[in-house]
Number of protein chains: 2
Amino acid sequence: MQRQIDQIPFIMLDDKNTVLPLFRQIYEAIRTAILSGKFTSNFRLPSTRGLANQLGVSRITVVNAYDQLFAEGYLEGKTGSGTFVAAHLPEEFLQTTRVKARKSQAISRQRTIVFSEYGNKLAANYQHIQQNHGASVFIPFQNGVSAVDSFPFDVWGRIAQKWHKNPTLNILGYGEPAGFQPLREAVASHLRSARGVSCTTEQVIITNGTQQALDLIARVFVSKNTAVWLEEPGYLGARDVFSINGAKVVPVPVDDEGFDLDQARKLDESVRLVYLTPSHQYPLGTTMSLARRLSLLEWARETESFIIEDDYNSDYRYSGRPLPSLQGLDRNNRVIYLGNFSKTIFPALRLGCLVVPTDLVDVLTSARALSDLHSPTIDQAILAEFIREGHFARHIRRMRGIYENRQNILVDEAELHLKELLEVSPAESGMHLIGWLPDGVSDWKISNEASKFNLKVAPISQYFAGENRARGGLVLGYTAFDERQISNGVKTLKEILSRN
Amino acid sequence: MQRQIDQIPFIMLDDKNTVLPLFRQIYEAIRTAILSGKFTSNFRLPSTRGLANQLGVSRITVVNAYDQLFAEGYLEGKTGSGTFVAAHLPEEFLQTTRVKARKSQAISRQRTIVFSEYGNKLAANYQHIQQNHGASVFIPFQNGVSAVDSFPFDVWGRIAQKWHKNPTLNILGYGEPAGFQPLREAVASHLRSARGVSCTTEQVIITNGTQQALDLIARVFVSKNTAVWLEEPGYLGARDVFSINGAKVVPVPVDDEGFDLDQARKLDESVRLVYLTPSHQYPLGTTMSLARRLSLLEWARETESFIIEDDYNSDYRYSGRPLPSLQGLDRNNRVIYLGNFSKTIFPALRLGCLVVPTDLVDVLTSARALSDLHSPTIDQAILAEFIREGHFARHIRRMRGIYENRQNILVDEAELHLKELLEVSPAESGMHLIGWLPDGVSDWKISNEASKFNLKVAPISQYFAGENRARGGLVLGYTAFDERQISNGVKTLKEILSRN
């Protein structure tokens with residue numbers, strides 16, 4: 001027997017849910033209805049246009065949700081002509097249910113747990129968080145992983161062995177929350193010369209990578225509903241940490257010059273904290289123009305605001321004039337600078353840094369101390385020596401050549417095989433390219449398809465807090481893959497794209 | 001010219017300030033008055049009895065505050081007969097003021113910064129935090145540091161070199177927030193056999209030591225003014241993290257059987273979260289009795305509360321019957337277990353673990369992911385192999401012998417040299433002993449004196465959130481020091497104590 005409806009009455013979109021984009025909210029609602037048995041097999045869903053009208057969103061948003069449900073096997077039929085709950089739900093869903101059942105058996109009954117507001121937000125969004133902050137895989141075109149096979153592990157291993165085998169007493173006890181002094185010095189010196197950062201050693205606080213730096217900043221500055229400007233599209237790590245910490249995230253569309261202050265002020269004039277990636281906008285890759293930088297700094301001075309500058313892969317620039325850091329241009333101590341070694345050493349190292357105005361050092365260092373005391377000292381000592389002995393600068397120079405070459409390979413292969421299917425343009429910097437899809441092709445759908453062929457292509461839509469009303473796109477990381485892997489990856493992508 | 005007063009009108013004690021104990025609030029108020037010039041040289045302070053009456057606190061609380069000010073050179077004269085602001089304030093205070101002036105010069109003017117409530121609390125207490133969560137020194141009788149010179153660095157270095165020099169691809173990218181799977185397995189297996197912890201691998205979440213575990217729990221469970229029971233005296237790391245995260249800390253006096261539920265309920269019946277150290281109460285060293293354990297578990301079941309069990313140095317038991325963990329006795333998934341490797345490997349490693357009921361895994365793992373993604377994977381791999389190959393168990397057995405011996409040396413030396421001056425009794429477990437002072441001798445004063453002689457003896461008073469109405473005491477860590485160091489330390493202590 002077939003049931004049919006024109007509306008899905010229980011879908012309530014939450015505009016203010018800045019963690020889950022709209023399409024994802026629709027996806028979750030329908031998926032839950034299927035898994036809970038509310039929508040049974042062969043149940044007919046409303047058309048994408050009908051549901052879009054009902055919810056007051058653009059049709060592509062509903063299409064994205066349906067596409068993901070199709071790709072995962074929850075739905076059957078053809079988008080537009082008739083969409084049904086799959087007759088046979090795949091084995092894995094039943095397994096999911098079984099695993100859940102087994103899990104909660106250990107707990108005597110389904111318990112009500114009183115969490116804090118923060119805990120409740122985590123509980124409501126843990127699947128999203130674990131999906132976006134989980135382990136990386138080294139398959140094309142995973143983004144944000146470096147060419148670890150080209151890392152000088154012989155040198156690194158030699159330094160590491162020295163510190164692990166014959167450590168001095170001072171690096172074995174509890175250490176300074178702000179970081180191991182020689183590493184703070186090495187980082188300050190590197191940032192001054194390589195990125196024009198204006199700082200003393202005392203302004204450097206070592207963190208467990210960018211994620212911790214963002215979390216410390218959010219905790220120290222964000223009260224409930226504190227408005228924060230973020231780039232749209234933008235970095236998920238920042239969006240999640242600010243929204244789960246209670247901020248009202250205000251997504252500000254970026255253009256060719258990067259973050260646009262005028263747009264931002266129109267959206268919310270009250271904001272006093274902004275997070276951005278000026279040297280290489282994540283994920284679009286644009287460089288923020290000098291004019292925009294100067295006006296943003298002037299805004300910060302006038303309004304007594306702070307700018308969080310995430311300089312996440314400024315080390316990889318292949319052409320064009322490198323702009324020094326925003327922090328280096330600032331004359332009013334309004335920039336909090338974030339650097340990290342995940343992209344230059346390897347992600348699993350979990351070391352990064354904050355460079356902060358002197359009057360923020362005590363508060364942020366205290367936050368660090370209470371969070372987890374300090375980063376492992378031996379790791380800090382190894383990295384400090386690696387930088388000080390010149391291996392770090394040498395490694396970056398070498399990687400720059402390798403990555404430029406890999407980017408060229410990707411552009412050439414795409415030119416050769418993906419004409420009309422995916423528009424891949426070169427970029428002056430960074431570790432990934434965007435492949436733009438033809439109008440109407442869902443990046444979520446392609447991304448899901450690709451994962452079945454052992455390809456990782458992140459849909460650009462996932463980096464939008466609001467609706468992505470522009471074209472779909474795929475994030476193509478190229479740095480961790482050699483010529484053969486890139487070439488094979490492009491050919492597989494061609495097959496997938498040709499069928500859509 | 002001499003000014004004299006009987007009252008200090010501006011001291012307002014804040015009972016609810018659970019970060020700063022009362023004596024410390026008095027100390028801070030007077031110190032600030034001196035440094036700001038409100039109290040000038042030769043200004044006469046009220047008697048300790050007079051100020052105690054004015055403030056409604058016990059006299060020993062005021063004595064402790066005055067003693068610390070004496071020890072630091074702010075005050076002169078004799079307690080009881082007449083107390084004055086020092087005629088010549090030591091050079092260092094002037095330096096402190098100068099450093100501050102130089103610091104803020106970089107910032108164009110003294111700025112008003114809008115912090116979150118968390119940020120404001122950090123700003124108000126950063127000196128206290130940095131003092132209590134800073135670097136450790138390897139001088140007698142620093143507590144909580146292991147005998148790192150007896151650690152098998154040859155084995156550790158060999159394993160470390162392997163992982164650093166020839167790492168497999170899977171440990172270099174972003175890892176799982178819950179931890180490196182082989183380490184979670186090794187930890188689960190160790191805790192099951194050594195501590196009677198009842199858990200699967202999935203319940204283990206690797207953290208950056210106990211501090212991070214506590215912070216994650218506080219964030220997930222504590223809303224503003226959520227009441228939490230803590231042991232009194234108790235661990236500062238827990239008290240600070242809960243109070244700065246907004247909890248209402250309810251200190252519950254411990255006795256010979258450890259944490260006392262009846263007392264706790266009288267103090268605040270509404271509490272649903274308690275932090276305690278049942279295997280070795282910190283800092284008093286008592287073991288919580290079985291009867292108390294069972295009634296606490298029953299309370300947790302009845303009231304649907306959670307018990308945070310910090311099993312921080314259960315590995316070091318020298319005599320008596322070891323009690324298995326509270327977690328292992330629990331049948332209702334009401335215990336969150338904390339373990340760490342700071343005391344068994346070395347503090348700078350920054351690795352520990354949470355063992356949590358299965359229905360808390362997702363939320364706490366998500367909190368971990370958003371905080372800083374995960375602990376450095378190579379460090380986790382090294383530790384996993386060290387445990388798996390049996391080196392860890394062997395090391396603990398060896399250390400147990402060494403520490404028992406060192407404790408005996410300390411007890412014998414104290415017996416020999418500190419009669420009447422300090423009462424040091426042996427303990428069945430742990431890494432430190434308490435030396436009890438004669439009535440009326442301030443532990444703060446002795447601690448400050450000792451620091452001038454390169455001795456680190458923490459005053460037991462600092463572990464009290466409320467007033468310490470009992471005797472003063474000194475925490476004497478013995479594990480990191482050899483016979484000569486302990487013996488010399490005791491002799492130095494004798495000199496200091498004899499003069500007081």
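How much area do chain B and chain A bury between them? In this predicted model, they bury about 7,700 Å², 58% of it on carbon and sulfur atoms, where buried area is the accessible area (1.4 Å probe) that two parts lose on being put together, summed over both. Local features need pLDDT of at least 70 and side-chain atom pairs count only at pLDDT 80 or more, while totals for chains, interfaces and linings use all residues. Residues are numbered from 1 along each chain as its sequence is written, chains are lettered from A in the order in which they are written, and side-chain values use heavy atoms, with hydrogens and water left out.

**Extent of the contact**
- With contact meaning heavy atoms within 4.5 Å, 89 residues from chain B and 89 residues from chain A take part.
- In chain B, the residues that lose the most area to chain A are B:Y174, B:R219 and B:L370, together 12% of what that side buries.

- Four salt bridges are counted between chain B and chain A, each a side-chain nitrogen of Lys or Arg within 4 Å of a carboxyl oxygen of Asp or Glu.
- One salt bridge joins the side chains of B:R111 and A:D359, at 2.8 Å from N to O.
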